Amino acid sequence: IDPDAGRLQLETRLKDYSIGEIRAFKENALPVRGSLNASGMLDGMLEAPVFRGTFELRKLGYDTWELGNGNGNVEFEGKSLRGKARIHTDFGDISVKAEVSVDAGYPGSISLNFNNLNLQEIVSRKAPPYLNVISTELEGKIEGEGNFGDWSGMELRGEVVGARFKIHDFE
């Protein structure tokens with residue numbers, strides 16, 4: 001940190017941080033678990049620094065679902081936070097991209113894409129036995145815009161752009 005020149009350059013690292021300890025998850029009693037490894041660089045002028053970093057998610061879970069592992073990146077510049085994450089699960093691949101402003105209400109957008117999403121894997125514990133011979137793979141997306149500070153007002157749109165059904169070995 002050089003206060004005379006008004007510049008800073010800080011490198012950060014985080015290892016094995018419990019995702020369940022993240023304040024927003026705790027305050028909203030979200031049943032999220034897993035660990036986070038991250039690294040990044042805070043660089044630039046003191047009055048307008050830029051942060052760029054990468055992260056890795058391990059043993060990610062939500063409630064009773066085991067979501068697997070993932071990775072992504074995040075960038076904060078000006079008044080905007082942008083990030084991308086990719087998660088590989090036993091029931092498909094999910095990618096999330098978001099951009100959020102730090103202005104009042106946290107306006108922004110989010111996009112969730114899913115590929116090879118196997119619904120049979122998701123509902124397997126509750127499905128009737130005759131559905132054990134069926135598998136499905138869906139592809140699609142969910143996009144949203146609005147204020148992240150109040151999800152109830154978020155406008156969401158979604159579509160399934162592809163599907164594959166398999167019964168025994170017949171597709």
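Student: What does the side chain of serine 101 reach, and at what distance?

Tutor: The side chain of serine 101 reaches the backbone nitrogen of aspartate 103 at 3.0 Å. This is a predicted model, in which local features need pLDDT of at least 70, side-chain atom pairs count only at pLDDT 80 or more, and totals for chains, interfaces and linings use all residues. Residues are numbered from 1 along each chain as its sequence is written, and side-chain values use heavy atoms, with hydrogens and water left out.

Student: Why is serine 101 called buried?

Tutor: Its relative accessible area is 14%, and buried means under 20% (exposed is over 50%, partly exposed in between, with a 1.4 Å probe and protein chains only). Serine 101 is therefore buried.

Student: What makes proline 49 buried, exposed or partly exposed?

Tutor: Proline 49 has a relative accessible area of 23%, so it is called partly exposed.

Student: Which residues is proline 49 in contact with, leaving aside its neighbours within four places in sequence?

Tutor: They are Leu8, Leu42, Asp43 and Phe76; contact means heavy atoms within 4.5 Å.

Student: Which residues touch the most other members of the largest nonpolar core?

Tutor: Among its 13 residues, these are Ile19, Leu36, Phe55, Leu57, Leu60 and Leu117. Such a core is a set of buried Ala, Val, Leu, Ile, Met, Phe, Trp, Tyr and Cys residues joined through side-chain atoms within 4.5 Å. β3 gives the most to this core, with three residues; strands are DSSP runs (E, at least two residues), numbered from the N terminus.

Notes
Helices (H or I, at least four residues) and strands (E, at least two) are DSSP runs, numbered from the N terminus. A polar contact is a pair of N or O atoms within 3.5 Å; within protein, one must be able to donate a hydrogen and the other to accept it, and residues adjacent in sequence count only if both atoms are side-chain atoms.
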